[in-house]
Amino acid sequence: MLSVTSLLAQERIKIYDAQVGQRILVYADNPDLFPYTIRLQIDQTGLDTNKPMPEFVVLPGNEKRFVIATFYIKRNIPWKVNYKFQYMEGDANAVHNDDYVYQLPFKEGRYMMSQGYNGPSTHQGVNALDFTMPEGEIIVAARNGKVVMVKEDSDRGCPSDDCLTDGNFVRILHDDGTIAEYHHLQLNGAIVKLGDIVEQGQEIGKCGDTGYATGPHLHFTVFKTDGIRQITIKTKFKYQHNKIGFLKPGMMYSAF
Ligand SMILES: [Zn+2]
């Protein structure tokens, strides 16, 4: 007997099992281009695992029948297994390359970084940066990667939780497994599409004020996960006069 309980309301990945000979294989399908980290809670009798169950399993993007657990049936012993799982977007095995120098996410102009890491307004406990920029200003990729998620169908924004899920954004997967999010894009404000490979400095979107926003700005964050929560990461930037370092809130920055 086998039962599955997801702790998330909205299913993106599918988890299922099959008996193959004397084994029970647990599979996962991921229709999205980015990885998920899955934590399984197993309750079983009469079965063997050949090694201790890992704390979590990383399910790569765009996978079908990816084996996340294997059990062995013992001869002549009745067995049962129940499992619960939870999962989060992102790769718990990702190790951010802290030496990587990010480019400012705009080409021209000189803009204020209005809220920084662990900022007092909406960044408490979050390593995110806000750049105050005009509506429609071109946003460029801060780092090379692959476009793994695009939302651009919203024209709604307001300064409250009511609009939290209305933000348009582009997400780019980096080669170290971390993901950058460029948030609050305007309606139809994505210049790239799912699966595109982008280079640092390439145009990816247009600034807007969709989602939880008081006005047009770009919210930029790089994240991974541990399977339970999102882990956001501080990143170094190159800015005016070829300086390199972490940005400070309230300062004006130009890309070149
Ligand atoms: Zn923000």
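Strand β13 (residues 145-151) pairs with β15 in the antiparallel sense over five bridges, strands being DSSP runs of E of at least two residues, numbered from the N terminus, as helices are runs of H or I of at least four; two strands count as paired if DSSP finds at least two bridges between them. The model is a predicted one, in which local features need pLDDT of at least 70, side-chain atom pairs count only at pLDDT 80 or more, and totals for chains, interfaces and linings use all residues. Residues are numbered from 1 along each chain as its sequence is written. The protein has zero helices and 24 strands.

- Six of the six residues of strand β15 (residues 168-173) are buried, so the strand is largely enclosed by the rest of the structure; a residue is buried if 20 or more other C-beta atoms lie within 10 Å of its own, exposed if 12 or fewer, and partly exposed in between, with C-beta atoms placed from the backbone.
- Both faces of β15 are covered, with Asn168, Val170 and Ile172 buried on one side and Phe169, Arg171 and Leu173 buried on the other.
- The hairpin of β15 and β16 has five residues between the strands, and Gly177 takes a positive phi near 90° in it.

**Nonpolar cores**

- The largest nonpolar core has 36 residues, and those with the most contacts inside it are Phe131, Val170, Ile172, Tyr182 and Phe220; such a core is a set of buried Ala, Val, Leu, Ile, Met, Phe, Trp, Tyr and Cys residues joined through C-beta atoms within 7 Å.
- Strand β16 (residues 179-190) contributes the largest share of this core, five residues.
- A second, separate core of 17 residues includes Tyr36, Val57, Ala69 and Phe85.
- Ile172 touches Ala141, Gly145, Lys146, Val147, Val148, Ile179, Ala180 and Val198, when residues up to four places away in sequence are not counted; contact means that the C-beta atoms of two residues, placed from the backbone, lie within 7 Å.

- Three strands form an open sheet of mixed pairing in the order β9-β22-β23.
- β9 (101-103) and β23 (243-245) stand at the edges with a single partner strand each, so one side of each is left without a neighbour in the sheet.
- Neighbouring strands of this sheet are turned by 35° against each other on average, direction ignored; the axes are lines fitted to C-alpha atoms, and angles run from 0 to 180 degrees between N-to-C directions.
- Strand β22 (residues 236-239) runs antiparallel to β23 and is joined to it by three bridges, with Phe237 opposite Gly245.
- Strand β20 (residues 217-225) pairs with strand β21 (residues 230-233) in the antiparallel sense over four bridges, and Lys224 stands opposite Ile231.
- β20 and β21 form a hairpin with four residues between them, where Gly227 in the turn has a positive phi of about 95°.

- An open sheet of four strands with antiparallel pairing has the order β2-β3-β7-β5, and its edge strands, β2 (14-20) and β5 (47-48), each pair on one side only.
- β2 and strand β3 (residues 23-30) run antiparallel and are joined by seven bridges; Asp17 stands opposite Val26 in β3.
- Strand β4 (residues 36-45) pairs with strand β6 (residues 57-59) in the antiparallel sense over three bridges, and the bridge partner of Thr37 in β6 is Val58.
- β4 is joined to strand β8 (residues 80-89) by 10 bridges, the two running antiparallel, with Gln44 opposite Val81.

**Domains and overall dimensions**

- The protein is divided into domain 1 (2-89) and domain 2 (101-254), with bounds that come from an automatic or database domain assignment.
- The centres of the two domains, taken over C-alpha atoms, are separated by 34 Å.
- 10 residues of domain 1 are in contact with 11 residues of domain 2, and β4 and β8 each supply at least two residues of the side of domain 1 that touches domain 2.
- The C-alpha trace of the protein spans about 75 × 35 × 35 Å along its principal axes.
- Of the 256 residues of the protein, 36% count as buried.

**Confidence**

- The mean pLDDT of the protein is 91, and 96% of its residues reach 70 or more; pLDDT is the predictor's confidence in each residue, from 0 to 100.
- Over residues 1-9 pLDDT stays under 50, and the model has 14 contacts beyond four places in sequence for them.
- Where pLDDT is low, the predicted coordinates should not be read in detail.
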